[in-house]
Amino acid sequence: MDTIFGYPGGATVDIYNELVKTEIGHITVRHEQGAVHAADGYARASGKVGVCLVTSGPGATNTVSGIASAFMDSIPVVVLTGQVPTSLIGNDAFQEVDIVGITRPCTKHNYLVKDVRELSQTVREAFFIARSGRPGPVLVDLPKDVIQSRATYKTIKEVRLRSYNPTYEPNAKQLPKVVKLIRESTRPVILAGGGVILSGASDALRKFAKKIQSPVTATLMGLGGFPASHPLWLGMIGMHGTYRANMASGECDLLIAIGARFDDRVTGRTDTFARGAKIVHIDIDPTSIRKNVPVAIPIVGDCKITLEKLNKILEQEDLGDFKKIRRPWFRQIEKWKATQPLAYHQEDMIKPQFVIEKLYEVTKGKAIITTEVGQNQMWAAQFYKFDYPNCFITSGGLGCMGFGFPAALGAQIACPGKLVVDVAGDASIQMNIQEMATAVQYNLPVKIVVLNNGYMGMVRQWQQLFYEKRYACTEMEAAPDFVKLAEAYGAVGLRATRPEEVEQVLNKGMSTKKPVIMDFVVEREECVYPMVPAGSPITEMLLV
Amino acid sequence: MVANESTKRNILSLLVDNKPGVLSRVAGFFSGRGFNIDSLCVSETTDPLVSRITLVAMGDMAILEQIKKQLNKLINVIKVMDFTDTEFVQRETALIKVRAKVNQRAEILRMVDIFRAKVVDVASEYYTIEITGDEGKLSAFLRLLKPLGIKEIARTGVVALAREKK
Ligand SMILES: Cc1ncc(C[n+]2csc(CCOP(=O)(O)OP(=O)(O)O)c2C)c(N)n1
Ligand SMILES: [Mg+2]
């Protein structure tokens, strides 16, 4: 950990007074929600724990959306909150809230430190819990008198908690059973989730897929866990998954899910999901297994360790004829691919999909992409081809508008040499636009690509498709001029209104060494397709 | 909760860290899913750092299975035992304040005797009776006392331990 994202206040002023004397960097955000998203983005881009420091009361409550987002996506973040002195707790003191109570259901664990002698142990535990097992946010509440008192620092080499022992090593008896199913399968599919990225399993996954000659799909959280340019890649699964990925998941006879939790956006109607398939489920969290779908072979363990063990067993197996056995399956997949690609038609107005395709070309697929929430998020997922892990950073589980920009700042701190781009909607970007001041202050040259459709597009899409086009309260009838807005912050603003300007604006934006907002005025009523209506089988898609 | 085939009375026994907030974490898993906790009993074990929570809840087995896994995942929960389908002993104690008119006192005392209960307080119009037993015994006793007029009841909630192998 080298950087804290935070915002000071009365309850934490003592910590700040000491913090500035240390080597630890501090990014002063403009809103505490931004601090947590930034720490989240930092954690995802670096693989390290992200850290936030905020004051009591409103500082603490402002972190809740950020914490809930990190919780849903299993991201290791430690949030330190100031608290009123222990003698005042429970007194409705000034800027007192029970943040431990408030965040109990959306943290992996949380603590109220009541004695300074517990402090070093607690902080150690917090980091240990945040990053181990299935990672997640941990909050530590620090009353002012505890912060102000002195104690001798005890070095703690290793944290041991008798009630917390994540299982990393898979049960060895299960693995040969998986190999047997692989041998018997003619139509396998691998489903990669966020766990593949969190455990650093993408190399092992590539080897595994190649060896068993299975096509691979991924959840939104799993994008980048398997290279999108790989011949075995099917594209994303789920509500806005590719036609072939959803069809293949519907028709497969073996589904090997790795670090995925069968979210309803992935499965559609669960009783029809992968109906003819035997499901193997590898996950470090036993509560994810058999939660939503029946599983033939459950394996509790770390994705990377489990895949490496499977690869070792498979090395000894002769699977030479697999390519031949799977040929009809691949032929079928090719057919699906040919009939229904992710289609759109670039006409007079800029199509948002076209912007993302150009973004991919201009950045040569090498950027870290964060997203806001809505159509922009889905188009980024569909049209940017992610070949590397830790490069697609999105609020998947919570779907928290306002995530992408502060997360991009965190990612930029973690990877100073990389190009970091927030793919944004015109509504979402306004939820944490204040962080532009943070970007300017710390020279974080993050690029924002606004797909400006003048609507809360994803909600409008639902209204168009399922609510007789009654666009109730989803039009952004007043909006800032994003170019002037960027300039007002001391950043750079660019705009494209015609298709032929897109590439030029992207090139200019990407080569600018400052934070940039690129405002792409796009087709207002474009929809994301394919789309599986909520609660339908994922093989029943609405297409362009 | 409406009982159906998959609904069952579940007795869970948890060993947890004896710390503030732990009960709230455990209870939160039930309330968060709209489950009612029928009875709850918490006390220290032989290890002062560990408490035992005995908890009775009616509910759908599939959801309870999920709750059990989630409880296991809580950092402060050391062990979760489900007694629903195992051999176990359970006891509950109740204090019952029952109307004791002069002409009914002999009857009450007879019942107290049969159920091996105890009269722990005597007032001019009321007896307070202490009774310990399993669910069946307590409800039978209450059913018999009811016509006499029960003024108040306090029950401890079920405590339970698994039976050792014979
Ligand atoms: C904090 C928050 N509030 C509301 C929503 C519901 N919501 C989901 S997508 C969306 C529209 C987003 O609009 P915009 O950012 O312009 O993206 P577009 O879909 O137009 O690309 C809304 C309101 C949400 N996900 N998060
Ligand atoms: Mg929009």
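Buried means under 20% relative accessible area and exposed means over 50%, with partly exposed in between. In this predicted model, A:Asp115 has a relative accessible area of 22%, so this residue is partly exposed.

**Salt bridges within chain A**

The side chain of A:Asp115 meets that of A:Arg117 in a salt bridge, with 2.5 Å from N to O. A:Arg117 is exposed, at 61% relative accessibility.

A:Arg134 also takes part in a salt bridge; its partner is A:Asp285, and the closest N and O atoms are 2.6 Å apart. This pair links distant parts of the chain, 151 residues apart. A:Arg134 lies in the loop between α6 (119-131) and β6 (137-143) of chain A, while A:Asp285 lies in the loop between β11 (278-283) and β12 (297-300) of chain A. A:Arg134 is partly exposed, with a relative accessible area of 23%. A:Asp285 has a relative accessible area of 2% and is therefore buried.

A further salt bridge joins the side chains of A:Arg269 and A:Asp271, at 2.9 Å from N to O. A:Arg269 is partly exposed, with 39% relative accessibility. Salt bridges also link A:Asp40, A:Arg44 and A:Asp73 in a network. Over all chains, the count comes to 35 salt bridges.

The table lists salt bridges named in this report.

| Residue | Partner | N to O distance |
|---|---|---|
| A:Arg117 | A:Asp115 | 2.5 Å |
| A:Arg134 | A:Asp285 | 2.6 Å |
| A:Arg269 | A:Asp271 | 2.9 Å |
| B:Lys73 | A:Asp285 | 2.7 Å |

**The interface of chain A and chain B**

A:Asp285 forms a salt bridge with B:Lys73 as well, the closest N and O atoms being 2.7 Å apart. Two salt bridges are found across the interface of chain A and chain B. The side of chain A that touches chain B has five nonpolar, four polar and seven charged residues.

Each chain gives residues to the contact: 16 residues come from chain A and 16 residues from chain B. The size of an interface is often given as the accessible area lost when the parts come together. Here chain A and chain B bury about 1300 Å² between them, and 49% of that area is on carbon and sulfur atoms. Nine residue pairs are in polar contact between the two chains, with both residues at pLDDT 80 or more.

**The magnesium site**

The magnesium ion (ligand 2) is coordinated at 2.1 Å by A:Asp426 (OD), A:Asn453 (OD1) and A:Tyr455 (O). Along the chain these donors follow the spacing D-x26-N-x1-Y. A:Asp426 lies in the loop between β15 (420-425) and α19 (436-441) of chain A, and A:Tyr455 in the loop between β16 (447-452) and α20 (457-466) of chain A, so the pair ties together parts that are 29 residues apart in sequence. Both A:Asp426 and A:Tyr455 are buried.

**Surroundings of A:Ser199**

A:Ser199 is found in the loop between α9 (194-198) and α10 (202-212) of chain A. With a relative accessible area of 17%, A:Ser199 is buried. Leaving out residues up to four places away in sequence, A:Ser199 touches A:Asp302, A:Cys303 and A:Lys304. A polar atom of the side chain of A:Ser199 lies 3.4 Å from the backbone nitrogen of A:Lys304.

Methods: Residues numbered from 1 in each chain as written. Chains lettered and ligands numbered in written order. Predicted model: local features only at pLDDT ≥ 70, side-chain atom pairs only at ≥ 80, totals over all residues. Heavy atoms only, no water. Donors = N, O, S within 2.8 Å, 3.2 Å for Na, K, Ca; no water. Helix = DSSP H or I, 4+ residues; strand = E, 2+ residues; numbered from the N terminus. Buried < 20%, exposed > 50% of the residue type's maximum accessible area, 1.4 Å probe, protein only. Contact = heavy atoms within 4.5 Å. Buried area = accessible area lost by both parts, 1.4 Å probe. Salt bridge = Lys/Arg side-chain N within 4 Å of Asp/Glu carboxyl O. Polar contact = N/O pair within 3.5 Å; in protein donor to acceptor, adjacent residues only side chain to side chain. Nonpolar A, V, L, I, M, F, W, Y, C, P; charged D, E, K, R; others polar.
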